[in-house]
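Subject: The model you asked to see

Hi,

Here is the structure to look over when you get a moment. Have it open while you read, and tell me if anything looks off.

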Amino acid sequence: GKQVIPPKQVEPVQAAFSPSPDAVAAARELVAAYHQHYHRGGGAADCESGRRGAFTFKGKMIDTPTVLIAQNIIRAAEAMDAI
C-alpha cells in the first residue's frame with residue numbers, strides 16, 4: 001500500500017499496487033483447485049480450516065502458504081473493486 005495526499009495520485013497508485021487481471025485469474029484458479037482437492041469443491045473453507053499439506057497443480061507443488069498468497073491476491077482485487 002501507499003499513502004497519497006493529492007486526489008490525482010489515487011488512481012495511478014491503485015493501478016500500480018493492484019494485482020493484474022492475469023494474476024487474479026491465476027489466483028482464483030489455484031484456490032478453486034485447493035477447494036476441489038481438499039473439500040471436494042464444496043463449502044467456503046480456507047487454509048485456516050480443513051486439511052493441510054501440499055498438492056500438485058499444473059505440475060507444481062502447492063502448499064498452504066502458496067494458497068494463502070493466492071487468497072490475498074483475490075482479496076486485494078476485491079478491495080480495489082469496492083473502492
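First, the ground rules. This is a predicted model, so local features need pLDDT of at least 70 and side-chain atom pairs count only at pLDDT 80 or more, while totals for chains, interfaces and linings use all residues. Residues are numbered from 1 along each chain as its sequence is written, and side-chain values use heavy atoms, with hydrogens and water left out.

The fold: the protein has three helices and two strands, in the order α-α-β-β-α along the sequence. Those are DSSP runs numbered from the N terminus, with helices being H or I of at least four residues and strands E of at least two. Of the contacts between residues at least 6 apart in sequence, 43% join residues at least 24 apart (a contact means heavy atoms within 4.5 Å). Buried residues account for 25% of the 83 in the protein; buried is under 20% relative accessible area, exposed over 50% and partly exposed in between, with a 1.4 Å probe and protein chains only.

On confidence, mean pLDDT (the predictor's confidence in each residue, from 0 to 100) is 83, and 80% of the residues reach 70 or more. The stretch to treat with care is residues 41-46, where pLDDT stays under 50. The model has nine contacts beyond four places in sequence for that stretch.

Now the core. The largest nonpolar core holds 12 residues, including Leu30, Tyr34, Tyr38, Phe55, Phe57, Ile62 and Ile74. A core here is a set of buried Ala, Val, Leu, Ile, Met, Phe, Trp, Tyr and Cys residues joined through side-chain atoms within 4.5 Å. Helix α2 gives the largest share, six residues, and α2, β1 and α3 (64-82) are the elements that give two or more.

There is one aromatic pair: rings of Phe, Tyr and Trp (its six-membered ring) with centres within 6.5 Å, called stacked under 30 degrees between planes, edge-to-face over 60 and tilted otherwise. Tyr34 and Phe55 make a tilted one, at 6.3 Å centre to centre and 45 degrees. Tyr34 sits in α2 and Phe55 in β1 (residues 55-57), so the pair ties together parts 21 residues apart in sequence. Both are buried.

Cheers
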